[in-house]
Amino acid sequence: MQKRSVTRRGFVAGGAAILAAPVVLRHARAADPFKIGLFYAASGPAALFGPTQKASAELAVEQINKNGGILGRQVQLLLADAGGPPAESTKTAVRLMVQEKCDLFVGSHDSATREALVGTIKARVPYIYTPIYEGGECAPNTYVLADTPEQQVRPSIDLLTKEKKVKNVYLIGNDYVWPRKTNDRVKQYLTAGGGKVIGEEYVPLGAPNKFEEAVTRIKGAKPDAVVITLVGADNVNFNRTFAGFGLDKEMLRASMLLEENTLLGIGAENSKQLYNCMSYFSSVPGAAHDAFKAAYKAKFGEKAPQLSIIGVDCFAGVYCAKALVEKAKGTKAADLMAASEGLTFSTATGPVTMKNRHPDKPMYLAECEGTNFKIIKTFDNVGSGEACKQA
Amino acid sequence: MDPLVTTQFLNIAFGIATLAVLALGLAIVFGLLGVLNIAHGELVMAGAYAAWIVQSAGLPYALAVPLAMLACGLLGWLIEAGLIRPLYARPFDTLLATWGLSLLLRKTAEAIWGLGYKSVALPLPGTVDVLGAAYPRYRLMLIVLCLAGVAALAAWFAKSGAGTRIKAMVANPDLAQAVGIRTGRLARNAFVAGCALAGLGGVMVAPLTPVHPFMGIDYILESFFVLVVGGLGSVAGLVAGAGIIGGLGSLVSAVADRTAGYTAVLVIAILFLWLRPRGLLARA
């Protein structure tokens with residue numbers, strides 16, 4: 001009896017083992033890392049932001065791994081340079097998908113690269129795009145955390161027209177898609193608020209620009225405010241020239257992409273009456289942000305890369321990946337897209353909730369005080385204004 | 001005259017005067033030695049960092065002028081001895097060598113100061129009234145100093161013994177050496193002077209633009225166009241080149257916009273390379 005029983009037990013055990021095989025295999029896969037490909041500016045004109053992008057993503061990965069990773073798998077960050085031409089980034093994307101079997105992409109780069117990546121990835125791998133952009137990205141399996149014109153422009157223009165009683169506005173920007181689309185929205189809100197555009201000009205992106213002539217033209221047009229969609233060194237150059245000609249005392253300025261590095265370049269003496277609305281400043285108050293800043297400083301020390309919206313966005317990108325994949329219980333496109341609706345995830349300044357694959361988020365209106373951003377108004381849960389249909 | 005028109009004329013003068021000084025170092029090195037120093041812009045960058053260091057240390061801004069010229073002159077001396085001298089008769093090789101050098105200088109600056117923008121405050125803030133137009137004091141001072149500097153250089157080149165020796169060396173190096181002119185030393189001095197002038201250019205532009213490792217690229221291209229249009233080897237050519245490139249850029253930008261201004265400069269540069277490759281006032 002004893003013997004038979006053992007045999008029967010052995011039989012049962014063997015059967016259980018066979019039945020359990022898929023579970024065992026799944027466990028073996030669970031030991032594989034969850035690979036996130038991070039497209040960031042390791043080189044090129046935006047390389048200034050690279051160290052912050054990398055550091056912020058690494059901090060999020062470290063925190064997530066300490067708490068059990070994504071679906072029990074440790075997260076591995078694969079760094080990819082998106083600072084070169086879009087074609088280079090797409091080659092990297094293919095390599096990461098085919099060779100590395102990357103599970104998900106997070107990208108903090110310009111829109112030209114985003115469009116190229118969307119066309120290459122073709123929704124096979126989820127892609128989370130994070131910085132600031134012109135709106136309109138509704139490609140399947142693509143999730144956009146970036147500030148949209150709706151989120152940035154309305155608070156800025158309301159400040160100008162309602163509080164500062166601005167009527168005439170001059171627009172100056174770099175000549176590419178983001179400034180032009182953002183300015184379309186500026187005009188729309190300005191008209192609604194009773195103001196009007198009395199001048200609009202664009203300077204080439206990436207050319208050695210000087211702004212003496214444009215500033216003189218603005219002086220002649222006598223607007224009440226200037227809305228600036230210049231980026232990087234051009235933004236610095238323009239604002240320095242503007243203040244050099246003494247216009248900083250005569251009219252207001254609202255910039256649409258003015259972060260900590262740019263303001264340091266503009267300099268304390270050139271930032272009078274300069275306003276800006278974005279979802280992140282290093283001076284945003286709140287417990288979540290304090291905790292983020294403490295962890296960032298603890299990990300990277302006193303010489304940590306400068307905190308700025310382009311960089312800290314990668315922290316939210318990695319946390320969004322975790323929330324999305326865990327809610328969908330996998331990386332199937334249809335499941336992820338369904339899971340994204342109403343998804344809540346952490347950012348450097350606290351949790352946000354996603355709708356139409358774009359999060360509603362708090363926006364902060366800041367006034368420059370020297371080389372610091374003083375937050376003068378907070379808008380909670382500002383919608384993206386994007387209406388991506390569910391697939 | 002309408003104050004705005006006056007301001008735009010001053011902007012044109014500013015564009016020409018600063019470009020003449022920024023291109024001066026390149027013109028000396030290219031025109032006299034036949035070396036196209038691609039790292040010229042990076043020496044302008046080094047000069048701008050020198051200005052930032054002087055200002056951050058709380059020292060008077062004027063001190064940045066000798067310091068930047070000294071630092072860039074020293075750099076020039078090292079570059080000449082280590083890189084240029086073995087390559088004098090090989091123009092294409094010097095081009096490649098100085099291009100490599102420009103990458104090295106940029107990356108060195110990045111390693112020391114990082115990629116972030118440094119802000120240099122205007123040493124002479126505020127505006128001053130010129131014929132009814134409020135014009136920034138510092139820019140006005142630059143117009144005056146740059147024009148005076150170029151005029152002084154032209155006079156020195158025309159009248160001095162050193163100027164004559166340089167002309168002799170350029171016209172016929174072997175014969176110059178035969179009559180006792182130490183051409184090796186003269187060439188080195190010319191190179192060092194060109195580099196020091198790039199440093200001066202850096203001090204000049206530092207309060208106007210963000211100072212960062214990649215700023216040099218903005219200056220090398222326009223400076224090169226000045227030489228293409230003006231021709232090599234004469235101060236008059238330099239002034240003509242700066243007048244056309246800087247003046248046209250500023251004028252078209254004032255009348256139309258910056259895109260048109262930039263296009264006009266590129267078109268003119270291409271036309272000159274095509275139809276008049278020796279420039280307006282090339283040395284005979």
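## Chain B: overall build

Chain B contains 11 helices and 2 strands, where helices (H or I, at least four residues) and strands (E, at least two) are DSSP runs numbered from the N terminus. Read from the N terminus on, the elements of chain B follow the order α-α-α-α-β-β-α-α-α-α-α-α-α. The radius of gyration of chain B is 19 Å, close to the 19 Å that the globule rule gives for 284 residues, so chain B is as compact as a globular protein of that length; the radius is taken over C-alpha atoms, and the rule is 2.2 Å times the number of residues to the power 0.38. The C-alpha atoms of chain B fill a box of roughly 60 × 45 × 35 Å along the principal axes.

This is a predicted model, in which local features need pLDDT of at least 70 and side-chain atom pairs count only at pLDDT 80 or more, while totals for chains, interfaces and linings use all residues. Residues are numbered from 1 along each chain as its sequence is written, and chains are lettered from A and ligands numbered from 1 in the order in which they are written.

Of the 284 residues of chain B, 51% count as buried; a residue is buried if 20 or more other C-beta atoms lie within 10 Å of its own, exposed if 12 or fewer, and partly exposed in between, with C-beta atoms placed from the backbone. Among the contacts in chain B with a separation of 6 or more, 75% come from residues 24 or more positions apart, two residues being in contact if their C-beta atoms, placed from the backbone, lie within 7 Å.

Helix H2 (residues 40-56) of chain B has 17 residues and reaches 25 Å from its first C-alpha to its last, close to the 24 Å expected at 1.5 Å a residue; the expected span is 1.5 Å times one less than the number of residues in the helix. H2(B) is mostly covered, with 15 of its 17 residues buried, and is followed by Gly58(B), whose phi is positive, near 80°.

Helix H5 (residues 137-159) of chain B, with 23 residues, should span 33 Å at 1.5 Å a residue, which agrees with the 33 Å between its end C-alpha atoms. Arg139(B), Leu142(B) and Cys146(B) are buried in H5(B), and the buried residues of H5(B) pack against H1, S2 and helix H8 (183-205) of chain B.

## The contact between the chains

Chain B gives 27 residues to the contact and chain A gives 30 residues. On the side of chain B that touches chain A, the elements giving two or more residues are helix H1 (3-33), strand S2 (133-136), helix H9 (217-230), helix H10 (235-255) and helix H11 (258-275) of chain B. H1(B) supplies the largest share of that side, 5 residues. The residues on the side of chain B that touches chain A divide into 13 nonpolar, 10 polar and 4 charged, where Ala, Val, Leu, Ile, Met, Phe, Trp, Tyr, Cys and Pro count as nonpolar, Asp, Glu, Lys and Arg as charged, and the others, Gly among them, as polar.

## Domains of chain A

Chain A is divided into domain 1 (34-147 + 285-360) and domain 2 (150-278), with bounds that come from an automatic or database domain assignment. The C-alpha centres of domain 1 and domain 2 of chain A lie 29 Å apart. The contact takes 13 residues from domain 1 of chain A and 13 residues from domain 2 of chain A; by class, the side of domain 1 that touches domain 2 has 7 nonpolar, 4 polar and 2 charged residues.

## The nonpolar core

The largest nonpolar core has 201 residues, and those with the most contacts inside it are Val318(A), Ala20(B) and Ala23(B); such a core is a set of buried Ala, Val, Leu, Ile, Met, Phe, Trp, Tyr and Cys residues joined through C-beta atoms within 7 Å. H1(B) gives the most to this core, with 19 residues. Domain 1 and domain 2 of chain A both give residues to this core, so the core lies between them. Leaving aside neighbours within four places in sequence, Ala20(B) is in contact with Cys146(B), Val150(B), Leu238(B), Val239(B) and Ala242(B).

## Two partly exposed residues of chain A

Ala116(A) is placed in helix H4 (residues 111-121) of chain A and counts as partly exposed because 19 C-beta neighbours lie inside 10 Å. Residues up to four places away in sequence not being counted, Ala116(A) touches Pro86(A), Ala87(A), Ser89(A) and Thr90(A); the C-alpha atoms of Ala116(A) and Ser89(A), 27 residues apart along the chain, are separated by 8.1 Å.

Glu326(A) belongs to helix H11 (residues 309-328) of chain A and is partly exposed, with 16 other C-beta atoms within 10 Å. With residues up to four places away in sequence not counted, Glu326(A) touches Ile70(A) and Leu71(A). Glu326(A) and Leu71(A) are 255 residues apart in sequence and 5.9 Å apart in space, C-alpha to C-alpha.
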